[in-house]
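Visitor: Hi, I'd like a hand reading a structure. Can we go through it together?

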Amino acid sequence: MNEAAPAISCDHSHHDHRRAPAAQRSENDVIRVEHVSFSFRVRGSPANKQTQVLEDVSLNIEAGMNLGIIGPNGAGKTTLLRIMLGLLDGYSGAVTVAGLSPLQACRRGDIIGYVPQRPSAEWRFPLTARQVVRLGLVGKTGLFRRHVPADLEYAEQIMRQVGVAHLADVPIGELSGGQQQRLFIARALVARPQIVILDEPMSGIDAPGQREIGSLIRDLHQALKLTVIVVSHDIEALAAGCTRIACLRKTIHYHDASHGLTPQVLRAVFQHGFEAVLGDESAQV
Ligand SMILES: Nc1ncnc2c1ncn2[C@@H]1O[C@H](COP(=O)(O)OP(=O)(O)O)[C@@H](O)[C@H]1O
Ligand SMILES: [Mg+2]
């Protein structure tokens, strides 16, 4: 089932995390994150009290990559995504997306598609599956203009591609978790972005559904020639065909050398071992 062993690389050679080495640059980078730090102000605390969530994060992402970003809960994964998406400001360091600032890229509407972490709350909106998918066109068309026919046709095509075409007229609240997730993936892709970012795409879905979402992400990566970024609190990103894994816990334990994902790195990031998952080979590194 596992066609190719993923070329995973995690850096554990430097112990001084105050200044991580800059990630290697490539002409094909679609996202560059360089020395990014970010702190939240602690609410109701004395002035200037902050908690640091990201520290000196550097991560360059090449076009066509299928990258997994893994790390435990609270590691700063969603915060890093929100910075890439132009949804969070006030960070230090530099971020570019397709050569633009995150905010500019976000305004273009057709650069990044985003599948947010699924809310645990139930969907009570009286929207059909088709209407949810078409919401993904709003950034492109504008809120008050009519969608062009080509875009509406593409919405039908993408619904077929993610396997929800037969559910087009069903209210979203009546769909299973896995079906809803397919719908949100379709919504993220309908404006034809080059990059799609998925935050914990398999959480809250039963095991068979998770495997299906994993293979769907792999198929879409190939078929649409996407750059894919999958964020996860587990190593389930591997199921989505990620060919590189970055380990995040406040900073990135990763670089482009081919060290391999070692139990030592995983233990440092997750504070427990993954030997059972990775097998004996990885323990030799
Ligand atoms: N809006 C916010 N205000 C204050 N703290 C926040 C906010 N969002 C997230 N945090 C804190 O930042 C840390 C990282 O959060 P997050 O990026 O969501 O982690 P992850 O996605 O890896 O679980 C957590 O400790 C969280 O409590
Ligand atoms: Mg998160």
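Visitor: What do the buried residues of helix 7 pack against?
Guide: They pack against strand 3 (66-70), helix 6, strand 6 (195-199) and strand 7 (227-232). Before we go on, this is a predicted model: local features need pLDDT of at least 70, side-chain atom pairs count only at pLDDT 80 or more, and totals for chains, interfaces and linings use all residues. Residues are numbered from 1 along each chain as its sequence is written, while chains are lettered from A and ligands numbered from 1 in the order in which they are written.

Visitor: Which residues of helix 7 are buried?
Guide: Gln 210, Ile 213, Gly 214, Ile 217, Leu 220 and His 221. They cover an arc of only 135° around the axis, so they sit on the same side of helix 7. That arc is taken from the directions from the helix axis to the C-beta atoms. Buried means 20 or more other C-beta atoms within 10 Å of a residue's own, exposed means 12 or fewer, and partly exposed is in between, with C-beta atoms placed from the backbone. Helices (H or I, at least four residues) and strands (E, at least two) are DSSP runs, numbered from the N terminus.

Visitor: And which exposed residues are on the face turned away?
Guide: Pro 208 and Ala 223. Just after helix 7, Lys 225 has a positive phi of about 50°.

Visitor: New topic: how many residues does the largest nonpolar core have?
Guide: It has 70 residues, and Met 84, Val 133, Ala 186, Ile 197 and Val 230 have the most contacts inside it. Helix 6 (residues 177-189) gives the most to this core, with six residues. A nonpolar core is a set of buried Ala, Val, Leu, Ile, Met, Phe, Trp, Tyr and Cys residues joined through C-beta atoms within 7 Å.

Visitor: What does Ala 186 touch?
Guide: Leaving out residues up to four places away in sequence, Ala 186 touches Val 133, Ile 158, Met 159, Val 162 and Val 164. Contact means C-beta atoms, placed from the backbone, within 7 Å.

Visitor: Is Arg 134 buried or exposed?
Guide: Arg 134 is buried, because 20 other C-beta atoms lie within 10 Å. Its place is in helix 3 (residues 129-135). Beyond its neighbours within four places in sequence, Arg 134 is in contact with His 147 and Ala 155.

Visitor: How many helices and strands are in the chain?
Guide: Nine helices and nine strands. Of the 285 residues in the chain, 40% are buried.

Terms used: Two residues are in contact if their C-beta atoms, placed from the backbone, lie within 7 Å.
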